[in-house]
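Please keep the structure open as you read.

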Amino acid sequence: MTRERFFKTLHTCLLPLCALTFAAGILLGRAGGSMLYGWLALIPAVLAVIVMPKKLRFIGAASVMLVLGFLWGYPAFHPAMQEEGLYRVQGVMADVITVKGQQHRTVLCDVTLNGQPAGSDVYWTFYAEEMPEGLAPGRQVSFEGELYHPSSAENPEGFNFREYLLGSGISCALYGNTGLEVRPCPYFSLRAMAASVRQSLSDTMAQAMSP
């Protein structure tokens with residue numbers, strides 16, 4: 001392959017190349033130590049596109065996409081979170097309730113912590129011998145709970161609970177249901193309605209199938 005044909009091939013494959021470098025940037029953001037590195041790298045990457053010869057501009061374009069991937073990936077894997085501690089919580093149940101023994105688990109949306117927006121959905125876990133009266137997807141709940149930051153896997157092959165939640169747009173989790181109050185959602189919520197339908201379908205299937 002001649003040099004001219006080689007560069008022509010690279011320019012033809014520019015879109016896949018940029019997609020791959022963007023994905024690589026996201027992975028770098030996952031392991032990155034600070035968002036500042038991305039902003040500092042963005043300036044020389046843009047300059048490379050401007051000053052490089054036309055034949056080599058694909059290198060600058062790939063560099064820009066790598067940096068943009070980092071800037072996209074870092075906040076996704078390192079979101080800002082409320083401090084851990086005890087909060088007065090209010091939110092709407094946006095997922096079905098899964099029960100394992102006495103452990104009950106679901107997801108809350110439109111969450112406030114001591115009256116301040118949580119900034120994301122919250123994974124909620126509590127223990128109870130029976131399902132609290134009136135508790136169902138689509139209902140608004142308020143209670144005192146312990147906010148904690150989900151941890152990553154302790155070994156390379158372990159289940160990464162933190163990234164599992166981040167993949168669902170959840171950055172923090174709550175434990176407990178002290179002083180639980182359940183009431184109808186005071187406003188229309190498409191997510192709450194969808195969760196209620198999913199729970200109804202799940203209950204119907206559970207009744208029709210053997211244990």
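## A nonpolar patch on the surface

Let us start on the outside. Ile43, Val46, Leu47, Ile50 and Val51 together make up a nonpolar surface patch, with about 480 Å² of accessible area between them. One of these residues, Ile43, belongs to helix H3, which covers residues 35–51. Ile43 counts as exposed because its relative accessibility is 54%, and exposed here means over 50%. Please bear in mind that this is a predicted model.

Another exposed residue is Met209, with 55% relative accessibility. Met209 sits in the segment that follows helix H6 (190–208).

## Strand S5 and its neighbours

Now to the interior. Strand S5 spans residues 121–127, and six of its seven residues are buried, so the rest of the structure largely encloses this strand. S5 has pairing partners in S3 and S7. With strand S3 (residues 103–113), S5 pairs in the antiparallel sense over six bridges. With strand S7 (residues 170–184), the pairing is parallel and runs over five bridges.

Leu108 stands opposite Val122 of S5, while Cys172 is the bridge partner of Val122 in S7.

## Aromatic residues

A search of the whole structure turns up four aromatic pairs. One of them joins Trp124 and Phe126: the ring centres are 4.7 Å apart and the planes meet at 35°, so this pair is tilted. An angle under 30 degrees would have counted as stacked, and one over 60 as edge-to-face.

Along with Phe143, Trp124 and Phe126 form one aromatic cluster.

## Two salt bridges

Side chains of opposite charge can pair when their charged atoms come close. How many salt bridges does a search of the whole structure find? It finds two.

In one, the side chains of Asp95 and Arg198 meet with an N to O distance of 3.4 Å. This pair links distant parts of the chain: Asp95 is in the loop between strand S1 (85–93) and strand S2 (98–100), whereas Arg198 is in helix H6, 103 residues apart. Asp95 is partly exposed, with a relative accessible area of 25%, and Arg198 is partly exposed as well, at 37%. In the other, the side chains of Glu181 and Arg183 meet at 2.8 Å, N to O. Here too the residues are partly exposed, with relative accessibility of 39% for Glu181 and 28% for Arg183.

Technical notes. Residues are numbered from 1 along each chain as its sequence is written. This is a predicted model: local features need pLDDT of at least 70, side-chain atom pairs count only at pLDDT 80 or more; totals for chains, interfaces and linings use all residues. Side-chain values use heavy atoms; hydrogens and water are left out. Patches are made of residues with over 30% relative accessible area and no salt bridge: like charges are joined within 9 Å, nonpolar side chains (Val, Leu, Ile, Met, Phe, Trp, Tyr) within 5 Å. Accessible areas come from the Shrake-Rupley method with a 1.4 Å probe; for residues, only the protein chains shown count as cover. A salt bridge is a side-chain nitrogen of Lys or Arg within 4 Å of a carboxyl oxygen of Asp or Glu. Helices (H or I, at least four residues) and strands (E, at least two) are DSSP runs, numbered from the N terminus. Buried means under 20% relative accessible area, exposed over 50%, partly exposed in between (1.4 Å probe, protein chains only). Two strands pair if DSSP finds at least two bridges between them. Rings of Phe, Tyr and Trp (its six-membered ring) pair if their centres lie within 6.5 Å; planes under 30 degrees apart count as stacked, over 60 as edge-to-face and the rest as tilted.
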